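Here's a quick briefing to get you started. Have a look at the sequence and the 3D view, then read on.

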Amino acid sequence: MPDQLLFAMEVLLNGLMAGVLYALVALGFVLIYKASGIFNYAQGVMALFAAMTLVGIMEGQVPFAHLINAAFGTDLHVFGWQLSGLVGIVLTALIMIALAWAVNHLIFRHLVNQEPIILFMATIGLAYFMEGLGDLMWGADIKKLDVGLPQGINGWIDTVTFDAFGYGFFIDNLDIWATVIAAVLVIALMIFSQYSKQGRALRAVADDHQAALSVGISLNFIWVLVWSIAGFVALVAGIMWGTKSGVQFSLSLIALKALPVLMLGGFTSIPGAIVGGLIIGVGEKLFEFAIGPMVGGATENWFAYVLALLFLVFRPQGLFGERLIERV
Amino acid sequence: MKKVLVSAVAAALVAGPAAADLVFPDLSYRTGPYAANGIPFSDGYQDYMTLLNERDGGIGGEMIKVIECETGYNTEKGVECYEATKGEGALLYQPLSTGITYQLIPKATADGIPVHSMGYGRTSAKNGEVFHNIFNYPANYWDGASHAITQILNENEGDIADLKIALVYHNSAYGKEPIRTLEELSKKHGYELSLLPVDSPGQEQKSQWLQIRRERPDYVIMWGWGVMNQVAIQEAVNIRYPMDHFIGIWWSGSENDVLPAGEAADGYKALTFHNLGSDYPVYDDLKKYVVDAGKAAGAGDQLGTALYSRGMYAAMLATEAARTAQDMFDTKALTPAQMRDGMENLEMTEAKMAALGLPNFGPEFKVTCSNHGGDGLGAVAQWDAKAREWSLITDYFPADEEVLNPLITADSMAFAEENNITPGCM
């Protein structure tokens, strides 16, 4: 098999894996938009906040230590415990639920029936508030995150492909785990929304707020629920991206990677987020591989948006988005 | 009562600092994507100034005043900080950002205030006959590119004609700085250069590292900042690239960059223009007079890190230039013009550094009217992941001036022509 074809296959596989990571971020946006019509600008910051909280809990860091020490002249930094990744994830998930409750009760409950742009602006404010809160709670330093996920080249795939083609493919173990976790997450979400009472209520709210209210579904509960799920998805995305780069402010910028995925897949479709992520991941990686060297490289950021725009021309609602019908 | 209050407010508004204070603005970034790097640098810068105030009563008996202004590593905010602080009697700006430096070059030159872009900024500012108010000693980006190639030459007995070298760089003006130098050096030494840009912020670099895995360059040089560094080092680990063949510029050589990759980052190399670690007498004084006294700029937890050391070194070079100016003009209080002259006559010797509690901390160099960049000496540090520390593995060595000087002359003369500057000493 020609080398270039082998390389292209390797790039394609890595593009699929990268796409799953993009889809994980996009999923959080979709969940909230679907249930409440809010485009949550703070989704990237939620991933950062969740990852910072997870590291802080696992390492027994005292939250707001700098503030406490400055105010009371103490020298507190750590509680002295080290927790496992699993316990840390459970505790962080509880904190994300508490955050969801606080966000709903302090902000969005007061903005019911406001224009979408007002709700969007509120999430911008929330994003900046959470950025500062995260720094104040856990500090701005870069933190190593290790919840036990394997990283580095998958030896089995390397060996098998080398035996078959004479060239071993590089697939990162972390990406494989991300794919498995994303698949489990999506299946769990689908089962939840299809077969549980709360899930059906969530779908009812997504279809029609007022009709859902008229049959006794609590909008407040559903919003807290959906922000909690989005918080958990943010935690999963934060773990995956934070394991790759360390937990740091730049994690909040991964939201930029989700935007073309949303444009392509649609803002209201969970399968759309997944398929959109895969198309963007594969498209940008293959374009960088084939065309990048001819135009100086670093094409991925802009190509993802160009690809999304191309899809928008033909399907403005995205591949799986709901067609907007306005009756006059 | 009302009159008293109005008078007090008016007095507060018009009063600047005490006229005799030596004012050093600190354009810091403690928030945003680069805060993890901005915090230790600013802490080191301010703590050294505080040490001089607390231990020595300032410089030559004149107290130092540091005005901190948050830029968030944002060029517009950096310029705002400059405009907001220059009227306070600012003697010198060290913006810790190439973007801000480029914006300040014309402004500071017009205002007669010196700028010191230590290891960043516009490389050709080394030509002091064109850039009268801009200094970039002791080393610049082009020196760094040359240092990396010299190190590779030294590791290969001077013959790198058959080697492939890849540059992984931040796709910005900063990241593109070494390209011309590396291209010129490849003509001289015969190596094959490949360029791999990474878009900001650099969170996703799979394509670049798959290409490195396919092409197997003998060495990878990195020009990164922020998250790009951590991701690149992790990706290098993932593809099992030999870390001792991976060399970063000094802005890719802090603890922040290597710690997330854990022990796998062992052996990674980075260039530097100053020494590292905390095994220097000055640290005893910093603990005694600054940290333990509760006067540290930050949490006091950054002492000895690479970027804290760099901030402290920047402050030391600033205060030594101020001392030089005081001696030159026989005055304690300084004007920005006198500070500029002090910088232009700065000479750092080993005896001077040892007396400051920093023996062998930086290279010896002398600044002159025509050479605002010093002697371009640099060294290579290597990361020991088990000990979690950097250590120098070479002495300070020079850049290839035979290649660099014509580039600096060409670039600075083009700037002079564009801006109607007649080159010459002030």
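Where in chain A is the place of A:A298? A:A298 sits in the loop between α12 (270–290) and α13 (300–314) of chain A; helices (H or I, at least four residues) and strands (E, at least two) are DSSP runs, numbered from the N terminus. This is a predicted model, in which local features need pLDDT of at least 70, side-chain atom pairs count only at pLDDT 80 or more, and totals for chains, interfaces and linings use all residues. Residues are numbered from 1 along each chain as its sequence is written, while chains are lettered from A and ligands numbered from 1 in the order in which they are written.

**Positive phi in chain A**
- A:A298 has a phi near 55°, a positive value in a residue other than glycine.
- A:A298 is buried, with 22 other C-beta atoms within 10 Å (buried means 20 or more such atoms, exposed 12 or fewer, partly exposed in between, with C-beta atoms placed from the backbone).
- A:F64, in the loop between α2 (43–58) and α3 (65–72) of chain A, has a positive phi too, near 60°.
- With 15 C-beta neighbours inside 10 Å, A:F64 counts as partly exposed.

**Cis peptide bonds in chain B**
- B:Y137 and B:P138 are joined by a cis peptide bond, with omega about 5°; B:P138 is in the loop between β4 (134–135) and α5 (141–155) of chain B.
- Another cis peptide bond links B:S200 to B:P201, with omega about 0°, and B:P201 is in the loop between β6 and α8 of chain B.

**Where the chains touch**
- The contact takes 33 residues from chain A and 34 residues from chain B (two residues are in contact if their C-beta atoms, placed from the backbone, lie within 7 Å).
- On the side of chain B that touches chain A, α9(B) gives the most, with 6 residues.
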